[in-house]
Each structure stands twice: as structure tokens, then as C-alpha cells.
Amino acid sequence: MDGRIFLSGTLSLVAIGIIGCAGHGPRPLSNDMFIAPASAQKDSAMAPAPPATLPSASADVALPLEIPTTNPTTQPPALSLAPDTTAPSTQPMQSGVYMTLGGVVADVNGTPIYANTLLAMLDKEFSAKAKDMDAEQFRRFARGELENARDLSIRDEVEFAAADRGLSPDDKKLIDMVMTQYLQQKITEAGGSVELAKRKALTEGLTFEQLLHKHLRELTWDLYRQHHILPRVQVSVNDMRQFYKANVAQLYSQRNQARFRVIKIDPARLGGANPKSAAFERIRLIRSKAVRGDDFASLASSENHDDYLKARGGDPGGWIERDSYRIDAVDKAIWKIQPGDVTDVIEDDGVFYIAKLEDRKLGKTQPFEDPAVQTDILNRLRTQQLSVLYEQLDYKLRSEAVIRGEHGDSLLDPAVDIAMQRYPQWAAQ
């Protein structure tokens, strides 16, 4: 594979020019990479090797890929993507866009992952976090985030290489067409010229070429996912029923709930010769006012010995499930009265309470036959299976790849140093 995908007659993209596929290092971009030579034999040049062990696709399971199928009415102009010859520097070209410097932080099958790539990914996050950290805190934070970004880039690289190998010639023709449309769309959105499209991409933290490569990789992975991963997700009706039985109480049942207000009178807050008797008389008087029609919320705000309840008019926190309130005696009393009623005086651990039930709603259980329940179960089980499949695929691809710098810290030092050079600017924002 020569690392290029030709686009609809007159355009081509470098599928792996910057990031590469297995066994190929980065190559400079040039005009001829975006113009298919007349002698190019696309189908034979792009025939992929079959995937190593993944099973073949099952058409009745794979989800549809929503990709436009109409050709653009006009061909976008050829791009000039000559390699950058600017002298080395660790300074950003624009906000979030760094020059190709700082060294290689990892290498996957001979394809380097550069420090500037990780920094571009994290530019906005670093800018937002720097002002809340001193230099040493930011250094530790930056290193941790760069390590995570490096791991994601390694995973992306091994997955993309597998996807690129696993696609059929027809798949790649489809990608050719979609990329042509995408290129035209971005040029049109920017105002109708390549130069404007390049400027617009830079405001989003990428060069135009990086934007195209990013979209190409996403298309390649999505198509591979449709053909080789989603067909392996198999959820049976029995699986769904078993999941429902195991999770019906937590996921598909609504317990009884009540909304009420509480007043607490604590003898310790009153003092005197007989504080408990005084506390009982006081809460009995408050209850009589509430029963005759005085506003319970106002009473709770003025009389409460619980500061939390006092500040909220006696509201302990909105709707509360049955048997969930922290004072069990109050919880039980609430469910013995009707909305609008006030409980008798409740004593718990030497403290007195009354409560007014404002509203309640009885719980219900959604049946398995409910379409919404079945859709939720199906999505949950598919997500579980996909998570396992992705982990298995990642482990397999990493074990087969030659990866340098996956666990080492020293290769990240240049990237951390570049981030620290920008720290004063970010912190001052």
C-alpha cells in the first residue's frame, strides 16, 4: 500500500501521510499527492489484506452508515500542501497549532507520534486549567494529560492501521467519494477558497491538511466498525429477559415517594429545669397552629431547631423515596397520613418532630413488554458487548504491533517542556 487514496478523478488524499500505517513513516505533503496520476490503477493498488482473525460481516446485524451518495456538482481545486520548511521552534504557530517539533513521544510500527500532535489536542484544556495552578501543579497535570493523550494516539494508530487493511476496494471507493464531498463542503463553508478553508481550520486548532486527515481516519474506522465489529454484537431475547429480572428494581421500578416538611424541637436547645417537657409543650403548640391552618413552611422557618430545615422552610430535599429519610420514625409517620395532614408529635432519641405531608406518588414498575424498556435493555447490552470487543481488539492489535514509548516517561519530556513554556501566557489569561 502506497499510503494514498485517490479522490474521484482529480483529487487524492494522503491517508497515512502524517500519521502513517504499519511499516510506513511520515512523508511530506505535496501537490502531486492530491492529483491522481493518469496511470494510477486504484482498485489493484488499494486492495486490502484481509483482517487477521475478525469474523466476516453479517449484513442483517450491521447498522447502516449514513453517508451521502451524490457526487458534488463541482470539483474543488487542487490543494497546495508543500511541506513546511520553517526553521525548528517550540513556539506555537497560532493558538493550539504547533510546529512539527518537540520530538517523537511514541512510535507505532515505524509511524511516529509527535509531541506537537498531543499539544494541539490539549491546547484548550491546558489554557483553561493553567490559571488555577502554580507551575509545579501544572507540570504534574500536563504530564498526566499528555500520557493519556499519548495512549489514545497509540490506540488510534493501531486501530486505524487494522481498519485500513480490512476495508474492501468498494469501501475505499466510497471513502474517496465522501472525502471529495467533505473537501468541497469545507471550502464552501469557509467562503469558497482553499486559502479561506485553511484559515478557518487554524481557528479550530488544526491545519486544513490535519482536518482532512482526521476526517479520513474517522470515516475509515467507522466503516471498519460497521463491517467487522458491530456484526459480532449478538443480543438474544433470553439475554434481555435475564437482564430485566436482575435489574428491574434498580432500573425499571419507581418506588413510592413523598414530599413533606419537618419541624424539629430539641430539648437541649431550650435548657431550663425540665427541657424535655418544655420542648414537648412547644412542639405541641406549633402543631396546633399548623392544624388550624397556619402556614407550615413559615412555622418551620421560624421555629426549627434544625438549621438546615429552618433555612428551607422544613423541606428536607424534595421528593424522597419511602424508607429513605434519615429519621426512620418520621418516615414511617408520613406514610400513615394523607396529603395536607400533619403527623402527631414524634419522639426520636429524645428529640421531638412533626411533619406535614404535602404530596405523594405511588411507585410503579415498567413491564418487560414496554418498547422503551426493551430498547433500553438492548442498548445497554450492546454497549457492554462492544466495550469487551474493543478491549479485546485493542489488546490483540497492541500485542501484534511494535510500539516504542508506550510506557516510558522520558520521551514525553519535550512535550512537557513546551507546555511549560506556554504556562505563563495561559496562567495570565
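Reader: Which strand does E10 pair with, and in what sense?
Author: Strand E10 (residues 346–348) pairs with E11 in the antiparallel sense, over three bridges. This is a predicted model.

Reader: Which residue stands opposite Ile346?
Author: Ile346 has Tyr353 in E11 opposite.

Reader: How many residues sit between E10 and E11?
Author: Two residues lie between them, and the two strands form a hairpin. Asp349, in the turn, has a positive phi of about 55°.

Reader: What is the strand order in the open sheet of four strands?
Author: The order is E9-E8-E11-E10, and the pairing is antiparallel. E10 and strand E9 (320–321) stand at the edges, each with a single partner strand, so one side of each has no neighbour in the sheet.

Reader: How many bridges join E8 and E11?
Author: Nine bridges, between strand E8 (residues 257–265) and strand E11 (residues 351–361), again in the antiparallel sense. As for individual pairs, Ala258 stands opposite Arg360 in E11, and Arg259 has Asp359 in E11 as its bridge partner.

Reader: Which strands does helix H9 lie across?
Author: Helix H9 (residues 275–291) lies across E8, E10 and E11, and runs at about 30° to E11.

Reader: And H10, which strands does that one lie across?
Author: Helix H10 (residues 296–303) lies across E8 and E11, at about 40° to E8.

Reader: Moving to Thr343. Where does it lie?
Author: Thr343 is in the loop between helix H12 (328–334) and E10.

Reader: Buried or exposed?
Author: Thr343 counts as buried, because its relative accessibility is 2%, and the cut-off for buried is under 20%.

Reader: What does Thr343 touch?
Author: Leaving out residues up to four places away in sequence, Thr343 touches Arg287, Ala333, Ile334, Ile337, Ile354 and Ala355. Arg287 is 56 residues away from Thr343 along the chain, and their C-alpha atoms are separated by 8.5 Å.

Reader: Now the cores. Which residues of the largest nonpolar core touch the most other members?
Author: Phe126, Phe138, Leu146, Phe208 and Ile229, out of 57 residues in that core. Elements that each supply at least two residues of this core include E5, helix H3 (135–166), helix H6 (208–229) and helix H13 (371–400). Another core lies apart from this one, with 17 residues, among them Ala258, Val262, Ile334 and Leu357.

Reader: Is the H2 and H14 crossing left-handed or right-handed?
Author: H2 passes H14 in a right-handed crossing. On the H2 side the contact residues are Ala115, Leu119, Asp123, Phe126, Ser127 and Ala130. H14 contributes Ala415, Ile418, Ala419, Arg422, Tyr423, Trp426 and Ala427.

Reader: What is the order in the open sheet of three strands?
Author: E6-E5-E13, with antiparallel pairing. The edge strands are strand E6 (111–114) and strand E13 (403–404), each pairing on one side only.

Reader: How many bridges between E5 and E13?
Author: Two bridges, with strand E5 (residues 104–108) and E13 paired in the antiparallel sense. Val108 stands opposite Ile403 in E13.

Reader: One more residue: where is His215 found, and is it buried or exposed?
Author: His215 is found in helix H6. His215 counts as buried, at 18% relative accessibility. Neighbours within four places in sequence aside, His215 is in contact with Met179 and Tyr182.

Reader: Last, the whole chain. How many helices and strands?
Author: The chain has 14 helices and 13 strands. Of its 429 residues, 40% are buried. Among contacts with a separation of 6 or more, 72% are between residues 24 or more positions apart.

Key: Residues are numbered from 1 along each chain as its sequence is written. This is a predicted model: local features need pLDDT of at least 70, side-chain atom pairs count only at pLDDT 80 or more; totals for chains, interfaces and linings use all residues. Side-chain values use heavy atoms; hydrogens and water are left out. Two strands pair if DSSP finds at least two bridges between them. A nonpolar core is a set of buried Ala, Val, Leu, Ile, Met, Phe, Trp, Tyr and Cys residues joined through side-chain atoms within 4.5 Å. Buried means under 20% relative accessible area, exposed over 50%, partly exposed in between (1.4 Å probe, protein chains only). A crossing is left-handed if the near helix is turned anticlockwise from the far one by less than a right angle, and right-handed if clockwise. Contact means heavy atoms within 4.5 Å. Axes are lines fitted to C-alpha atoms, for helices over the stretch in contact, and angles run from 0 to 180 degrees between N-to-C directions.
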